[in-house]
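Subject: Structure handover and what turned up in it

Hi,

Here is the structure I promised to pass on. Have a look at it first, and then read on for my notes.

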Amino acid sequence: MPDNPYLLLTPGPLSTTKRVKAAMLKDWCTWDREYNDLVQDIRGRLVRLATTDTDRYTAVLMQGSGTFVVESVIGTAIPADGKLAVLINGAYGERIAQMAERLRISTVRIALGETTPADVAALEAVLAAQPDITHVAVVHTETTTGMRNPLEDIARTAKQHGKTLIADAMSSFGGIAIDVAALGIDFLISSSNKCIQGVPGFGFVIAKTEELIACAGRARSLSLDLYDQWETMERQQGKWRFTSPTHVVHAFHEALLELEDEGGIAKRQQRYENNQRLLVRGMGELGFQALLPASCQSPIITSFVYPAHPQFSFAEFYARMKLEGFVLYPGKISSADTFRIGNIGDVHADDIARLLEAIGRNRFWL
Ligand SMILES: *Cc1c(COP(=O)(O)O)cnc(C)c1O
């Protein structure tokens, strides 16, 4: 039996290595020194992956899927009299605006359409017109389409206006090099099951320590109080407030060691970029057009437009590809019929080559 009946070409949960999965074959307690030291090691590694200026940043781990962790930041970082501007060009940007509104936070949407990169000029205009905005949120790679937003430009503009910057780097952190201190990012959010290549169960925040300390007592939720979670992890040196996903944490630690063995984020980014280049080129030869231009395409996941042929059905294509050993991902936008192929996880150039061959064999619509 192969380890897995198929390769996940999805944006997470994704295909992980046997090494990462094997770390889950033991039961661990949550309160002893051994486990807490592991948590501390993870926190230190995350900060070092996020910046060279490690003294001013800290890492907090939080139970739940990525959305829970985004909500913990939105609900903890923004004070009662704060105001949030959100750049939106996909479902994840929209979700940040929705959670802010649910928490009764004054929210300004900067909606750009699904195929336009987050625009500095639009942000500039909103910040100039509404000086009471205190926080800016942006999704780095919009997994909805595969769009890579210009995080550096957005960060520069937000910082020029003195705003606190929240970056949803869920699907990019670990796969695209980011230096939070160089960009001035105050809160960066990601999760265990994306580019670090662990399994789902928790997320994490890399925060500017002084910004996080200023959040004491602000949270609108007990379980999602990011400050309290951090304060407990600091004071009790690696202790989570409530039951932590111990197996997932062990797998994540192994995934961090594996990332180091691969050569770090720069090397992983090269592998993802190579996967993505091979994919778009091969798909083009098979008659598939990418939704986005290369200029704003991330190396994480790619949207392809349905072939303009009446016989094409995504359901059938999906079913055939799954039998071939590849799980694809449906599209998520309203303006075009698309499907997505992710190339993050334990996915390599030879997998992309096998995928392209399999697609070539299965063009039932021609
Ligand atoms: C995966 C993802 C999330 C979180 O999604 P969950 O399903 O809650 O894990 C948030 N933002 C982006 C950009 C993502 O890719």
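A word on burial before anything else: buried means under 20% relative accessible area, exposed means over 50%, and partly exposed is what lies in between, using a 1.4 Å probe and protein chains only. Please keep in mind that this is a predicted model, where local features need pLDDT of at least 70 and side-chain atom pairs count only at pLDDT 80 or more, while totals for chains, interfaces and linings use all residues. Residues are numbered from 1 along each chain as its sequence is written, and side-chain values use heavy atoms, with hydrogens and water left out.

**Arg-340**

UniProt, in an unreviewed entry, lists Arg-340 under "binding site". UniProt positions follow the numbering used here, feature names are shortened, and annotations may be inferred rather than shown by experiment. With a relative accessible area of 3%, Arg-340 is buried. Its place is in strand E14, residues 338-342; helices (H or I, at least four residues) and strands (E, at least two) are DSSP runs, numbered from the N terminus. If we set aside residues up to four places away in sequence, Arg-340 touches Leu-9, Thr-143, Thr-144, Ile-301, Thr-302, Ser-303, Leu-328, Tyr-329, Pro-330, Gly-331 and Lys-332, where contact means heavy atoms within 4.5 Å. The side chain of Arg-340 also reaches the backbone oxygen of Thr-144 at 3.4 Å. That is a polar contact, meaning a pair of N or O atoms within 3.5 Å; within protein, one must be able to donate a hydrogen and the other to accept it, and residues adjacent in sequence count only if both atoms are side-chain atoms.

**The ligand**

Which residues surround the ligand? They are Ser-65, Gly-66, Thr-67, Tyr-92, Arg-95, Val-139, Thr-141, Thr-143, Asp-168, Met-170, Ser-171 and Lys-194, with a residue taken as near if one of its heavy atoms lies within 4 Å. The side chain of Ser-65 has an N or O atom 2.5 Å from an oxygen atom of the ligand. Asp-168 places a polar side-chain atom 2.7 Å from a ligand nitrogen atom, and Lys-194 has a polar side-chain atom 2.7 Å from a ligand oxygen atom. On its own the ligand has 380 Å² of accessible area, and the protein covers 85% of that; the areas come from the Shrake-Rupley method with a 1.4 Å probe, and for residues only the protein chains shown count as cover.

**The annotated domain and Ile-96**

The unreviewed UniProt entry gives residues 96-308 as "domain: Aminotransferase class V". Over residues 96-308 the chain is 39% helix and 17% strand, with the end C-alpha atoms 34 Å apart. Ile-96 sits in helix H4, residues 91-102, and is buried at 2% relative accessible area. Leaving aside neighbours within four places in sequence, Ile-96 is in contact with Val-70, Ile-74, Leu-84, Val-86, Ala-137, Val-139 and Asp-168. Ile-74 is 22 residues away from Ile-96 along the chain, and their C-alpha atoms are separated by 7.8 Å.

**Cysteines**

How many disulfides are there? Taking a disulfide as a pair of cysteine sulfur atoms within 2.5 Å, the count is zero. The sulfur of Cys-195 is too far for a bond, because the closest cysteine sulfur, in Cys-296, is 18 Å away. Cys-195 is buried at 0% relative accessible area, and Cys-296 counts as buried at 6%.

A few spots may interest you when you check the geometry. The peptide bond from Gly-12 to Pro-13 is cis, with omega near 0 degrees, and Pro-13 lies in the loop between strand E1 (7-8) and helix H1 (18-22). Gln-197 is not a glycine, yet has a positive phi of about 70 degrees; Gln-197 is buried, at 2% relative accessible area, in the loop between strand E9 (187-191) and strand E10 (202-208). Gln-237, also not a glycine, has a positive phi of about 50 degrees. Gln-237 is partly exposed at 39% and belongs to the loop between helix H9 (226-235) and helix H10 (246-262).

Lastly, Asn-275 is in helix H11, residues 265-285, and is buried with a relative accessible area of 0%. A polar atom of the Asn-275 side chain lies 3.4 Å from the backbone nitrogen of Ala-349. Not counting residues up to four places away in sequence, Asn-275 touches Asn-343, Val-347, His-348, Ala-349 and Ile-352.

Best wishes
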